[in-house]
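Hello,

Here is the structure I said I would pass on.

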Amino acid sequence: MSPEPLVQIHLVLGYVAWLLCFGVYIWPRLKAMDHVDAQRAIAALHSFRFFGLAFILPGVVGPNLPAGFATFAAYGNFATGVLAMLALLAGRVRPLFWLFVVAFNTVGTADILIDYFHATQADLPALAGQLGATYAIPIILVPLLMITHATAFYLLLRPSARSQ
């Protein structure tokens, strides 16, 4: 079997598994929380996105991983992680907190969507072995990250979503 359908199956099942887990265990807790606390929980998860720099770490990824994908993915994840950390640090200054919440979710969502575009353009599924140890990021982590971005935006747009 060629790598392309395996990667696509992995990606789809990554979303299915996380949606099931999220619906049963995570969403009920987030929606019961104060909106600030829910956004802080989401920011805490995204603060680990600095790990995306592994996409440009020699020896972790293969030498033929397309730079157009790897560089953007690395720095997009890094920027999102730093913005999420700033949101956590700004928790007591509400206007600044909300600014960073919107920023990390906007940058993070754009990063994932643009990474999907770059991966498609570079035919990344055919080169999946070049991801090396980072293969788990798009298959296992990205679905959860995208689901939590969507949740964060939902909570932001919901009436009375911002506690002062």
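Helix α5 gives the largest share of the lining of the second largest pocket, five residues. That pocket has a volume of about 170 Å³. Its lining includes Leu 45, Phe 48, Ile 137, Leu 141 and Asn 77. By class, the lining has eight nonpolar, two polar and one charged residues.

This is a predicted model: local features need pLDDT of at least 70, side-chain atom pairs count only at pLDDT 80 or more, and totals for chains, interfaces and linings use all residues. Residues are numbered from 1 along each chain as its sequence is written, and side-chain values use heavy atoms, without hydrogens and water.

Some terms. On a 1 Å grid over the protein atoms alone, a pocket is an open set of points where a 1.4 Å probe fits, with protein on both sides within 12 Å along at least five of seven lines; lining residues have an atom within 4 Å of a point. Volume is the space filled by probe spheres set on the points, which are joined across faces, edges and corners. Helices are DSSP runs (H or I, at least four residues), numbered from the N terminus. Ala, Val, Leu, Ile, Met, Phe, Trp, Tyr, Cys and Pro count as nonpolar, Asp, Glu, Lys and Arg as charged, and the others, Gly among them, as polar.

Asn 77 is found in helix α3.

The largest pocket holds about 370 Å³ of space.

Regards

Notes
Helices (H or I, at least four residues) and strands (E, at least two) are DSSP runs, numbered from the N terminus.
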